[in-house]
Amino acid sequence: MALVSNVLTQVFITLVAVAGVYVLTGLTGMFSLGQAAFMAIGAYASGLLVIRLHMPIPLAILLAVLLATVVGYLIGYPVVRLRRDYISLVTLGFGEAIAALLNRMTKLTGGASGLTGIPRRVGLGIAAVSAIAALALVAFFKTSKYGRQCIALRGDELAARAMGIDVTRIKMIAFLLSVALTSYSGCLYAFYMSYVDPTGFGWKRSADWVIMVFFGGVNSLTGSTIGAFILSALPQMLRGLQNYRYVIYAVLVLLIINFRPSGLLGEWELTPRNLRAIPANIKRALDKKSKEAR
């Protein structure tokens, strides 16, 4: 039971971060290989505020998310003006720079030994509520005016500009929302694990989140959620195959690219309207097969 609770808690924390990556990649088409750096900022900042300044945990989390958002604005202001391929390169460099900085700040962050003594206050309940709230926020954002504008510029940025959409502003809004969610997941992670170190926030973690989004369906929040749930729970359940994690990921991605290029769910979303349409779609498929059999 303890193992299941541990796995689910880590899955829900990952879902918060993947919700942020979905906003950036799924809605706007931007790729960031440095999102884990914002998770690190949230984890270290909240942990240090509680350990060194003895702040209440909710206030420490709020200030840590605000700090990460400010850093995100400073990084995002020039980044969102770049081409999409350059954005991934710049964020990769930023992520590695943050990891190197955390390694060198031995007196403040513990360096390579990590930051210890963080109180454990996050459990399965808090992680689950946080994941549901994050997904609900992203779902609301997707259906809002800003979400529709993100989707428009993802399809054709020049056409979006011609329609009067402030592309740079919309990209920045999406980027900052993504940063806030990712940094919050870092806070949850710190107060669940009671220990953080720089090796846990490298570019591989950022790449994992992007893979999860594409695996489930880059155009579907529901698909990205299912993809994150499967790919984050799988390594936890199959610890004996931990060394083959990226081999398994590579095989899954190749299968998806070849047989489901748009991901497991494509653009399908879990909405009341789509749920009501499932029986009719099944009946239509069965009727089609019946006719073909004849």
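**Figure 1. Cysteines and the overall fold.** The structure holds 0 disulfides, a disulfide being a pair of cysteine sulfur atoms within 2.5 Å. Cysteine 150 is buried at a relative accessible area of 0%, and cysteine 187 likewise counts as buried at 0%; buried means under 20% relative accessible area, exposed over 50% and partly exposed in between, with a 1.4 Å probe and protein chains only. This is a predicted model, in which local features need pLDDT of at least 70 and side-chain atom pairs count only at pLDDT 80 or more, whereas totals for chains, interfaces and linings use all residues. Residues are numbered from 1 along each chain as its sequence is written, and side-chain values use heavy atoms, with hydrogens and water left out. The protein has 13 helices and 2 strands, taken as DSSP runs numbered from the N terminus (helices: H or I, at least four residues; strands: E, at least two). Of its 294 residues, 48% count as buried. Among contacts (heavy atoms within 4.5 Å) with a separation of 6 or more, 79% are accounted for by residues 24 or more positions apart.

**Figure 2. The largest nonpolar core and valine 196.** This core has 83 residues, and those with the most contacts inside it are Val196, Phe201 and Trp209. Helix α9 (residues 167–193) contributes its largest share, 15 residues. A nonpolar core is a set of buried Ala, Val, Leu, Ile, Met, Phe, Trp, Tyr and Cys residues joined through side-chain atoms within 4.5 Å. Not counting residues up to four places away in sequence, valine 196 touches Ala43, Tyr44, Gly114, Leu115, Ile118, Tyr189, Ala190 and Phe201.

**Figure 3. Helix α10 and the glycine that follows.** The buried residues of α10 are Ser206, Ala207, Asp208, Trp209, Val210, Met212, Val213, Phe215 and Gly216. Glycine 217, with a positive phi near 135°, follows the helix.

**Figure 4. Valine 213 and serine 224.** Valine 213 is found in helix α10 and is buried, with a relative accessible area of 0%. Leaving aside neighbours within four places in sequence, valine 213 is in contact with Val18, Val21, Tyr22, Val218 and Ser224. Valine 213 and threonine 225 are 12 residues apart in sequence, and their C-alpha atoms are 7.6 Å apart in space. Serine 224 lies in helix α11 (residues 221–237) and counts as buried at 1% relative accessibility. Beyond residues up to four places away in sequence, serine 224 touches Val18, Tyr22, Met212, Val213, Gly216 and Gly217.

**Figure 5. Threonine 25 in helix α1.** Threonine 25 is placed in helix α1 (residues 2–27) and is buried, with a relative accessible area of 3%. Its side chain reaches the backbone oxygen of methionine 30 at 2.9 Å. Apart from neighbours within four places in sequence, threonine 25 is in contact with Met30, Phe31, Phe214 and Val218.

Conventions:
Polar contact = N/O pair within 3.5 Å; in protein donor to acceptor, adjacent residues only side chain to side chain.
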